[in-house]
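The points below are numbered and may be read alongside the sequence and the coordinates.

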Amino acid sequence: MPKPFSRRALIRRSVRAAAVWTGVGFWTSRSAVASSSPNEKLNVAIIGAGGQGASNLANVASEHIVALCDVDQKRAAEAFARFPKARRYRDFRKLLDEGRDVEAVVISTPDHCHAAAIVSAMKLGKHVYCEKPLTHSVHEARVVRSVAAESKVATQMGTQGSSHVGLRRAVELVKAGTIGLVREVHAWSDRPIWPQGIDRPRASPAVPEHLDWDLWLGPAPARPYHPAYVPFVWRGWWDFGTGALGDMACHILNMAFLALDLGYPTSVEAESSGGNLESAPKWSIVRYEFPQRGKLPPVKLTWYDGGKKPPQDLVGERITPNGSLLVGEKGRLYALDDFGSSFVLLPREKFAQLQSAPQSMNEIAHHLEWISACKGHGGGTLANFDFAAVLTETVLLGNVALRAGQRIEWDAMHAKAVNCPAAEPLIKREYRAGWTL
């Protein structure tokens, strides 16, 4: 297992292409992405070209798009039409086997296929950008982090807020001690906006001609096709998605993780609307405990979704649909959106002068930061897999606690729930025959 990392060192290293870390812990701007001539363009393959993949494709379209892969030919039709010279695939394994010219891949499949595609690509020495959450299971997160360290390719998770000047400003303010030591964090989301807390459909309609259902299932257990699973609504099903927590917490907890150097938790417990073996609950509240980190005190972090929110008197202002609150000894930092890119310091009157100060960094395009790192320009990416795997693992431990129905005491060194052997199949899932990690 890779050694635990220093988050402060990570930030210093990963923003070097865009900024300088000064002695007081603030960033000052430089050119965000090194310029490149046409002959420096990357050969990029897109795995998952429809849905979110279409957005990611648009953001890397300045490079050479040499291959497009999607199990749903209808959802990928627009991408196929836009890049008619790109090779077309349904199976990403075949794309990677044949794609010797591919230098970098962008992965936008459903959660359950992320890790298999990531690991296969990195083992071939290809740079990887992957949507959040980085993996579907805790074990996959450990493997991805390990392989990323060995392969030394450029990586980036699709937490776009990481590259936003607002999030980075919030991080620098917290690290500078503006709100004092933080021992309490609250984070919430208005998700799910798809069905959860439901049973498996009984009907078995015909598979649409444009969809390869067996490839869509990937490493997940076989089951009959049903439109209750695709597209997008797969997020609520445990075999394919990671629920509201998995979908949004990598965004919403990102700023707090960076600002507080949180790392792995020591325990996780959860309550919810109740669920079943098939899908995530309609709402949940998840409580994490993090140990002392150097001079930083222990932190208790509470997550809310499905309409649950922190106490109104704690926030003191209108509670936004998605956001987070860092409670410090001298004040509070209230992030008003899911990226943590828009925030206020509370009480407002105390921090009025500071909040009106100019920003210290320019905007950095998330995909371009990764492309720059792929080309060897600058110092790397902030949402690289070394960091992203730890954030993802922590998020997914909330789902382990939800599904196990008890508090999880987490041994991070050995990746074990020491008090709950029943959690093992939730930590490491079995892959369907024909699929490997």
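1. Confidence. The pLDDT is the predictor's confidence in each residue, on a scale from 0 to 100. The structure is a predicted model, and the protein chain has an average pLDDT of 90. A score of at least 70 is reached by 89% of the residues. Where pLDDT is low, the predicted coordinates should not be read in detail.

2. Most peptide bonds are trans. P231 is placed in the loop between α8 (213-217) and α9 (243-252).

3. Positive phi at K152. Most residues other than glycine have a negative phi. K152 is not a glycine, yet its phi is positive, at about 60°. The residue K152 sits in the loop between α6 and β8 (155-157). Is K152 buried or exposed? Its relative accessibility is 69%, and exposed means over 50%, so K152 counts as exposed.

4. Positive phi at A415. A415, also a residue other than glycine, has a positive phi near 55°. Its place is the loop between β16 (408-411) and β17 (416-417). The relative accessible area of A415 is 18%; because the limit for buried is under 20%, A415 is classed as buried.

5. Packing of α9 and α14. Two packed helices are described by the angle between their axes and the distance between the axes. For α9 and helix α14 (residues 385-404), the angle is about 150° and the axes are 9 Å apart. Since angles over 145 degrees count as roughly antiparallel, α9 is roughly antiparallel to α14. The crossing of α9 past α14 is right-handed.

6. Residues of the helix contact. Which residues make the contact between α9 and α14? From α9 come L245, G246, A249 and C250, and α14 contributes L391, T392, V395, G398 and N399. By class, the contact of α9 with α14 comprises five nonpolar and four polar residues, with no charged residues.

Technical notes
Residues are numbered from 1 along each chain as its sequence is written. This is a predicted model: local features need pLDDT of at least 70, side-chain atom pairs count only at pLDDT 80 or more; totals for chains, interfaces and linings use all residues. Side-chain values use heavy atoms; hydrogens and water are left out. Helices (H or I, at least four residues) and strands (E, at least two) are DSSP runs, numbered from the N terminus. Buried means under 20% relative accessible area, exposed over 50%, partly exposed in between (1.4 Å probe, protein chains only). Axes are lines fitted to C-alpha atoms, for helices over the stretch in contact, and angles run from 0 to 180 degrees between N-to-C directions. Angles under 35 degrees count as roughly parallel, over 145 as roughly antiparallel, 65 to 115 as roughly perpendicular and the rest as oblique. A crossing is left-handed if the near helix is turned anticlockwise from the far one by less than a right angle, and right-handed if clockwise. Contact means heavy atoms within 4.5 Å. Ala, Val, Leu, Ile, Met, Phe, Trp, Tyr, Cys and Pro count as nonpolar, Asp, Glu, Lys and Arg as charged, and the others, Gly among them, as polar.
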